[in-house]
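Here's a quick briefing to read with the model open beside you. Take a look at the structure, then work through the topics below.

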Amino acid sequence: MTSLVESKRFDNVLTCAIVISSIILALDNPLRNPTSLMTRTLQALNMTFALIFIVEFIMKVLAHGLHKYFQEMWNILDFAAVIASVMDMMNVTGGSALRLIRLLRVLRPLRMINRRPELKLVVEALLLSVPSVVNVAVVCAIFILVFAIFGVTFLKGTFYECATSDLTVEQADMITHPKSLDEMSNMEQSWLLAPGCGIASSLDANSIPSSKEMCICMNATWQPTIPHNFDNIWSAFSLLFEISTTEGWVD
């Protein structure tokens, strides 16, 4: 049994089975008519390859023993795929935990890694590089955080507009370029005395109301021009991270 399991022909047959079963898995479509010929054919092939993988598992356990089989990480991956195949054959349904186990069928293509030493070497190298990648990510996050602090300091509250279509040209100009009370005309001062606007009494002659205060006094809505802003550290950090990924630049 051991010589058969470790033979090159046995390995090649299983490699072909993994490739074909992965193609079948990719062709599967839950929206397809369950009674169609294509669906029934894929189900029959899926059952066939599930049986092949179950037989492979049994043969390897008989050849190497259960303890030795589970000592290798890649065999654990194979076993998870076998369990998913068994549950798929039994048509097990239930809660989210059972559905998650059935989703382990997607691990079938990864079994190819266990068949090719070159692929295993690449994957192991990637896993060994994860700590270094984490260090680089921490350095990048620190740089983004520094610029996020600058953004909050100098750009907080700037990406806003007065949203209304009822403003006159003079009112829009006043919101864009506020003036002190001494520089306002009688008509401009009357805007600050409108119902719902109580800033006139809190301003002295040299005080300049903000654009937001002027907008609210004119019964308009002060709202952000874009979903992103520098109003707080988290929003600033998210904005700078999105810019670094060039997300949405083509829109």
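**K60 and its surroundings**

Setting aside neighbours within four places in sequence, K60 is in contact (heavy atoms within 4.5 Å) with V5, G65, Y69, N75, D78 and R115. This is a predicted model, where local features need pLDDT of at least 70, side-chain atom pairs count only at pLDDT 80 or more, and totals for chains, interfaces and linings use all residues. Residues are numbered from 1 along each chain as its sequence is written, and side-chain values use heavy atoms, with hydrogens and water left out.

- K60 sits in helix 3; helices here are DSSP runs of H or I with at least four residues, strands are E runs of at least two, and both are numbered from the N terminus.
- K60 counts as buried, at 10% relative accessibility (buried is under 20% relative accessible area, exposed over 50%, partly exposed in between, with a 1.4 Å probe and protein chains only).

**The second largest pocket**

- K60 turns up again here: along with V5, H64, E72 and N75, K60 lies nearest the centre of the second largest pocket, which is lined by 13 residues.
- A pocket is an open set of points on a 1 Å grid over the protein atoms alone, where a 1.4 Å probe fits, with protein on both sides within 12 Å along at least five of seven lines; lining residues have an atom within 4 Å of a point.
- The space in this second largest pocket comes to about 320 Å³, a volume being the space filled by probe spheres set on grid points joined across faces, edges and corners.
- Helix 2 (8–27), helix 3 (37–64), helix 4 (66–69) and helix 7 (111–115) each give at least two residues to the lining.
- By type, the lining has 6 charged, 4 polar and 3 nonpolar residues (charged is Asp, Glu, Lys and Arg; nonpolar is Ala, Val, Leu, Ile, Met, Phe, Trp, Tyr, Cys and Pro; polar is the others, Gly among them).

**Helix 10**

- In helix 10 (residues 169–176), Q171, M174 and I175 are buried.
- Those three are on the same side of helix 10, because they cover an arc of only 100° around the axis (taken from the directions from the helix axis to the C-beta atoms).
- V169 and T176, on the other side of helix 10, are exposed.
- The cover over the buried residues of helix 10 includes strand 1 (160–163), helix 11 (186–191), helix 12 (211–217) and strand 2 (221–224).

**Whole protein**

- The protein has 13 helices and 2 strands.
- Of its 251 residues, 30% count as buried.
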